[in-house]
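This briefing goes through side-chain pairings, domain contacts and the chain interface, in that order of scale. Please read the entries below alongside the sequence and the 3D view.

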Amino acid sequence: MAIKDLPDTECVIPGSAACPGCPATLGLRLVFKALGKNSIMVVPACCTAVIESLYPNTSFDIPVMNIAFEAAAAGASGVEAALRQQGKGDTTVVAWAGDGGTYDIGIQALSGALERNTNFIYICYNNQIYSNTGIQRSGATPYAAWTTTTVGGKTEFRKEMGEIIQAHHIPYVAQACVAYPEDLYKKVKKAKSMKGPKYIEILAPCPPGWRFGMEKTVEMGTLAVETGAWALYEYENDKMSFNGKSKLILEGKIKRKPVEEWIKYQGRFGHLFKPEKDVKRIKEIEDHIYQMWERYRSCYL
Amino acid sequence: MTIMIDTGNYIAAKAAVMARPAVVPAYPITPQTTLVEGIANYVKTGEFKGEYICVESEHSAMCACIGASAAGVRTFTGTSSHGLLLMHEMLHWAALARLPIVMCNINRTVGPGWNIWPDENDSISQRDTGWIQFYCSSNQEIFDTVIQAFKLAENEKVLLPVMINYNAFILSHTSMPVEIPKQKEIDDFLSKYKPRWKLDVDNPITFGNIILPADYEKIRKDMQNSSENAKKLIPEIAKEWKKIFGRYHGDLIEKYRCDGAEYILLAMGAIGAESKVAIDNLRKEGLKVGLARVRTFRPFPKEEILKLGKQADLIVIDRNISVGSEGALFSEVKAALYDKSDAKVYGFIAGLGGKDVPYTDIEKICKKSINGKAKDCEWYNLEGV
């Protein structure tokens, strides 16, 4: 499948208040091309609550329920149950939350909804920061990245949310990236076809948050995958498979690019290059990615 | 009609199931547990055909209620004390989203230290969330109020969630005989819930997106207007219920032996029921004392209280304390009279942390007020502080 073969369906309509180069808008367009209009979206506090535009207008052509920051999965549970009670179980309920609302404040409600076998799709668009509130550190922020609350660079590594979700043994877990639209589309399509809880995480490089030019969103996503800082995979009924370039990296068919190739374009890592190169911390980032892939290889190769 | 002899919680579960909610998300907390266990039992027997969602917290319980209600179905839950406090954010959300959720709250003391006995500080501290608040004084009133609450909440002139409060153990775990109407009668009284707006793929609306100050203020004013509408509807629904089922617990307040009273006692919840015994005894002694049991703390019955204040001096018992101020009911009663009545108002804090408030103490509180010996907002029978 090529991009030109994706359906014409558009649920994100003109009037969006997103920043130029916004990966969330890109992700939303692709996700709803796969889901179609028989869908209801639950949105906690996140950039999308702004992207929706101002009352009484909206930039979505599907029903949307906004809900509090930590509440997406629980709110979606209620919507799903109510639809089924009304004989509308064929409508797809999708919770669409950022990494703050998923990794941090929303993890309890998410874990609960997964454990209850709620029939919904939970999508985390991960821009590795609280971007809506102005670029603060989240549990998804990578080591050494500048944010407004980690001024000298984050001193901890990000958590592996995908693996936490896998521990719930739900039918489908996937990692995708806005830079790979066909891969994302296929994953959402597959999730839609399955019953029970499905979790998809989309890496969403954020121009203002990561401090790169608005024309480089896709490039930052591609490099995240090529350097192995982000992996494209599917975890289907407890069976793991890697996709695209991540699969080739796992199998050793292509070599990971050094992570420097990705971070050097991002102002959030600028302090690792100026006034002088912080070789030690760059190596720590590289070593951490190496260890992640060693773990992947030992488990899944 | 049948008679069911059971505890407040099991009676509330029976009422909730007879109202036919489609979704009940709930999380257990003492002393609410037997309420949700009761509903779980009705799932097993098939009497409850809706969806019972065992959520992982009270916060998620209210979130799931919000999701279900927004998706267009009747929704019920129950909680208590710390559970209610954990819901606080979503209580505001439910009310601002104008979702007619009905919830029982079993009034229990807030910790630390851990204390499961009755006290109304949990629900009083939710005063400003926009929820209508009833306080019940018997299991029959719990049953009748749960059913009536759906009718009130779902009325398009109201569209506010309703919290039905009753005291831990004194009602939640005490069995009383309760008249239960036939299911058909309940179905006739409560028509099917048909929301004008809901999450609907055929009419895609975005609910709750960013709103600018001028529009937001209108939403707040509309809530206030709707709460005023509720003041009119609560008596109408109570009268309709009385006409069909022959039972009546009062409107916003329940008046008891207020005719010719020179002193009127105001109290809520179980103390309100206990006070009737005290009033009978005081009347036997020739003291002209009546009772106004406050059934709704929100909307606050200020017009009725002003009428009482024009007739008599008022004695207020609060099973709560707004630390740094005084009992919440005491404050609000005085505010209702301000500049319009010369009545004296005596305030008493009693029964916090579940301390027993027997009718003998209520008699003493009244006599102390009548004898002019009451202080402003007195902690009744407090030792060693």
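**A pair within one helix, and how to read the values**

In chain B, Lys231(B) and Glu228(B) both belong to helix 9 (residues 213-245), where they stand three residues apart, about one turn of the helix; helices (H or I, at least four residues) and strands (E, at least two) are DSSP runs numbered from the N terminus. This is a predicted model, in which local features need pLDDT of at least 70 and side-chain atom pairs count only at pLDDT 80 or more, while totals for chains, interfaces and linings use all residues. Residues are numbered from 1 along each chain as its sequence is written, chains are lettered from A and ligands numbered from 1 in the order in which they are written, and side-chain values use heavy atoms, with hydrogens and water left out.

**Salt bridges**

- A search of the whole structure finds 51 salt bridges over all chains, a salt bridge being a side-chain nitrogen of Lys or Arg within 4 Å of a carboxyl oxygen of Asp or Glu.
- Lys231(B) counts as buried at 10% relative accessibility, whereas Glu228(B), at 30%, counts as partly exposed; buried means under 20% relative accessible area, exposed over 50%, and partly exposed in between (1.4 Å probe, protein chains only).
- In chain A, the side chains of Arg281(A) and Asp278(A) meet in a salt bridge of 2.9 Å, N to O, and Asp278(A) is partly exposed, with a relative accessible area of 22%.
- In chain B, the closest N and O atoms of the salt bridge between Arg295(B) and Glu141(B) are 2.6 Å apart.
- Because Arg295(B) lies in the loop between strand 12 (289-294) and strand 13 (296-298) of chain B, and Glu141(B) in helix 7 (residues 139-154) of chain B, this pair ties together parts that are 154 residues apart in sequence.
- Both partners are covered: Arg295(B) is buried, with a relative accessible area of 2%, and Glu141(B) counts as buried at 0% relative accessibility.

**Domains of chain B**

- The domain assignment, which comes from an automatic or database source, gives chain B a domain 1 (2-245) and a domain 2 (253-379).
- The centres of domain 1 and domain 2 of chain B, taken over C-alpha atoms, are separated by 27 Å.
- In chain B, 26 residues of domain 1 are in contact with 24 residues of domain 2, contact meaning heavy atoms within 4.5 Å.
- Domain 1 and domain 2 of chain B bury about 2100 Å² between them, with 52% of it on carbon and sulfur atoms; buried area is the accessible area (1.4 Å probe) that two parts lose on being put together, summed over both.
- Four salt bridges are counted between domain 1 and domain 2 of chain B.

**Interface of chain A and chain B**

- The area buried between chain A and chain B is about 2900 Å², of which carbon and sulfur atoms give 61%.
- Tyr55(A), Gln85(A) and Arg116(A) supply 19% of the area that chain A buries against chain B, more than any other three residues.
- Two salt bridges are found across the interface of chain A and chain B.
- A salt bridge also joins Arg116(A) to Glu56(B), at 3.1 Å from N to O.

**Aromatic rings**

- The count comes to 20 aromatic pairs over all chains, where rings of Phe, Tyr and Trp (its six-membered ring) pair if their centres lie within 6.5 Å, and planes under 30 degrees apart count as stacked, over 60 as edge-to-face and the rest as tilted.
- Phe120(A) and Tyr122(A) form an edge-to-face pair, with 6.3 Å from centre to centre and 80 degrees between the planes.
- Trp210(A) and Trp262(A) also form an edge-to-face pair, at 5.6 Å centre to centre and 85 degrees between the planes.
- Trp210(A) lies in helix 8 (residues 207-210) of chain A and Trp262(A) in helix 11 (residues 260-263) of chain A, so the pair ties together parts that are 52 residues apart in sequence.
- Both Trp210(A) and Trp262(A) are buried.
- One aromatic cluster is formed by Tyr233(A), Phe242(A), Trp293(A), Tyr296(A) and Tyr300(A).
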